[in-house]
Amino acid sequence: MPMKATFNKKEKVKSKKEIDFLFSEGKSISKYPIRLVYKKSTFEDTIKIKAAVSVSKRNFKKAVDRNFIKRLMREGYRKNKYLVPNTTHQFTFMFLYSGKKMPEYAQVEPKIKEILQKFVEQEIELK
RNA sequence: AAAGCAGAUCACCUUAUCGCUUCUGUUUGGGCAGAAGAGGAAAGUCCGGACACCAUAGCACAGUAUAGCGGGUAACGCCCGUCCGUUGUAAAACGAGGACAAGUGCAGCAGAAAGUAUGUACAGGUAAUGCUGUAGUGAAACCAGGUAAACUCUAUGCGGUGCAACGCCAUGUAAACCAGCUUUUGAGGGUUGUGCGCCCAAUGUUGGAGGGUAGGCGGUUUGAUCCUAAUAGUAAUAUUAGGGCUAGAUAAAUGAUAGGGGCUCUGAUUUAGUUAGAGAACAGAAUCCGGCUUAUGAUCUGCUUUUUUU
């Protein structure tokens, strides 16, 4: 049964505390120009994975550009999160764009797909 | 037609699929349905307010901003009108346009001398004397001289911090908070540059629940609001009447993909036209308004100058 391709408020990482914890304790998978930082976590909602996206202010000074890249990454995650099967654990995700040029959607989506596949190999099939 | 000046308007449209945020309806609930969803600059944070809190908020000095005249406005350093000056052939643009008859300072070259000066030559005059005139230098030579993007003076305004303000709620703890009383010292510390003023301390005790951190709600979107018309006014603008509700996110929504249509540019072929390819700027609300400044794609209107044709 395919998971619905949604990405609403409940699926977002919101707390600043969680994000700081994610950066200090999390592992990462990198497929240039996108990097995923993730960590096993526990929260009260029934959702399996909470995610967030981020673009460095250093590489993209204009707010319009940052927003555009974030939207592409959100879209890519939303379309492909069915790749991660149901698990007993809960995770928090953070997608980072480390490139310095403006991407297109056709470049972003396959990279996110690769990252998610690799994540499944590393963390889930080991169990 | 070319070059230029001024002003106004718009910011590709639409369909489908998959999504995001808010509101409304419905459902026990998961959810489902409907409606709405970035800008002219949302930007820079440079001015002016609204609103909130704080005597560390008061008073004086200092400091700082503005500067023809008249008007508009909640207010302004903004806007409108007008005079003067400067630039330009012109349409127009710009303004560092209060006061040197309060005081102090400054002034290249030329010139004897540039402000407590009176030289040289000639002429006049006197008891005598730069006492008077002319020549000569210069933009200016005693004229109440010029200069205030020189100090200064005059008039007017200016307390500070900003919605992470501020109010409330739950969680919950230490040696931390607040209020009253008690005793002692007025030393020291705090503030806006200085002075005055103001505020603060320590011990014990009683009472209250405060503060920090992360979270939620309010503040938070109906307003100096927008549209149309009439009236007053040269205008900025004001008044009246009718109508509208038009984003409220918070690691921060407004997107992605595919198709169709219109626009611009380029190529091919042509009487119109047809067809292929490419392109669509600057840029993303964060308490809210009024301005200014900067970035930027098009379209339209009016005007000026020059040239050509009639």
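## Contacts and fold of chain A

Among contacts in chain A between residues at least 6 apart in sequence, 82% join residues at least 24 apart; two residues are in contact if their C-beta atoms, placed from the backbone, lie within 7 Å. The model is predicted: local features need pLDDT of at least 70 and side-chain atom pairs count only at pLDDT 80 or more, whereas totals for chains, interfaces and linings use all residues. Residues are numbered from 1 along each chain as its sequence is written, while chains are lettered from A and ligands numbered from 1 in the order in which they are written.

Chain A contains 3 helices and 5 strands, and from the N terminus on its elements follow the order α-β-β-β-β-α-β-α. Helices (H or I, at least four residues) and strands (E, at least two) are DSSP runs, numbered from the N terminus. Of the 127 residues of chain A, 21% are buried. A residue is termed buried if 20 or more other C-beta atoms lie within 10 Å of its own, exposed if 12 or fewer, and partly exposed in between, with C-beta atoms placed from the backbone.

## Confidence

The mean pLDDT (the predictor's confidence in each residue, from 0 to 100) of chain A is 73, and 69% of the residues score at least 70. The scores for the model are ipTM 0.78 and pTM 0.74.

## Helix 2

Ile-69, Leu-72, Met-73, Gly-76 and Tyr-77 are the buried residues of helix 2. Seen down the helix axis, they fall within an arc of 130° and therefore line one face of helix 2; the arc is that of the directions from the helix axis to the C-beta atoms. An α-helix has 3.6 residues a turn, so residues three or four places apart point the same way. On the other side of helix 2, Ala-63, Val-64 and Asn-67 are exposed.

The 18 residues of helix 2 should span 26 Å at 1.5 Å a residue, which agrees with the 26 Å between its end C-alpha atoms. The expected span is 1.5 Å times one less than the number of residues.

Arg-78 lies in helix 2 (residues 63-80). Arg-78 is partly exposed because 17 other C-beta atoms lie within 10 Å. Its C-alpha atom is separated by 15 Å from that of Phe-68, 10 residues apart along the chain.

Glu-114 belongs to helix 3 (residues 105-124). With 14 other C-beta atoms within 10 Å, Glu-114 is partly exposed. The C-alpha atoms of Glu-114 and Leu-96, 18 residues apart along the chain, are separated by 15 Å.
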